[in-house]
Structure formats: C-alpha cells, structure tokens
Amino acid sequence: RELVAYPEVRKLVMKEDMLAPDKYWPAINALSRWGHNVNPRQMRALVMESSGATLDEIGKSLGVTGARSRQLVEAAKKKIRTSALREGVTKAEDVCL
C-alpha cells in the first residue's frame, strides 16, 4: 500500500523509523485523509505520539516542553476531527486517533 499521500508525512515517518511504518499507520491514515490544515510541528507530534513516544520525548524532539507537545498533539487531533466531520464522518472512532 502507498505509505501516504502527503510527502511531508512520508519524509517524517521515514526519518523517524524506516523499518516499521505500520506502527504509525493510524496517524498517517488520518493525516493523509483529513490533515491538510495540520502544520508540520503538529504532524510530527501526532505521528510520534501514535508510535508510543512520551510527551517529554516528543517535546525534546521538537525543542518544547512536554506540556506544549500535548497541546500540539491535541490541536492536530482537533483539526483532523473537524475536517473529518466536514466530510461526513459521523463517528469519532472512524477517524482512528
């Protein structure tokens, strides 16, 4: 299967872990379908969070605090859910975040 439609996300995932892209698949799928308004920092935070990274690890990678990384993840999820709802998704679990 195609890894992702958005080249920024593909580049991010390949940089993070070239051997196991499937562990990122829920975030990648959501980003490729509804993440057109998610900025690169939010994308990176969401992909890292979906792979099991702690907020402190995400923060360290982005050069921010753990609390700020939580805000970035939540902002990305909110943008994705909003876009999904606009496209007719009726259940939150269909978004897979």
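The largest nonpolar core of this predicted model comprises 19 residues. Those with the most contacts inside this core are L31, W34, V38, A45, L46, I58 and I80. Four helices, α2 (25-34), α3, α4 (55-62) and α5 (66-86), each supply at least two of the core residues. In soluble globular proteins, nonpolar side chains tend to be buried together.

Helix α3 spans residues 40-50. Its buried residues are Q42, M43, R44, A45, L46, V47 and M48. Two of them, A45 and L46, are also listed among the residues with the most contacts inside the core.

V47 lies in α3. Its relative accessibility is 0%, so V47 counts as buried under the 20% cut-off. I28 is 19 residues away from V47 in sequence. In space, the C-alpha atoms of V47 and I28 are 7.1 Å apart.

Q42 also belongs to α3. Its relative accessible area is 6%. Q42 is therefore buried, as this value is under 20%. Neighbours within four places in sequence aside, Q42 is in contact with L72, A75, A76 and K79.

Just after α3, G52 takes a positive phi of about 105°.

How values were computed
Residues numbered from 1 in each chain as written. Predicted model: local features only at pLDDT ≥ 70, side-chain atom pairs only at ≥ 80, totals over all residues. Heavy atoms only, no water. Buried < 20%, exposed > 50% of the residue type's maximum accessible area, 1.4 Å probe, protein only. Contact = heavy atoms within 4.5 Å. Core = buried A, V, L, I, M, F, W, Y, C linked by side-chain atoms within 4.5 Å.
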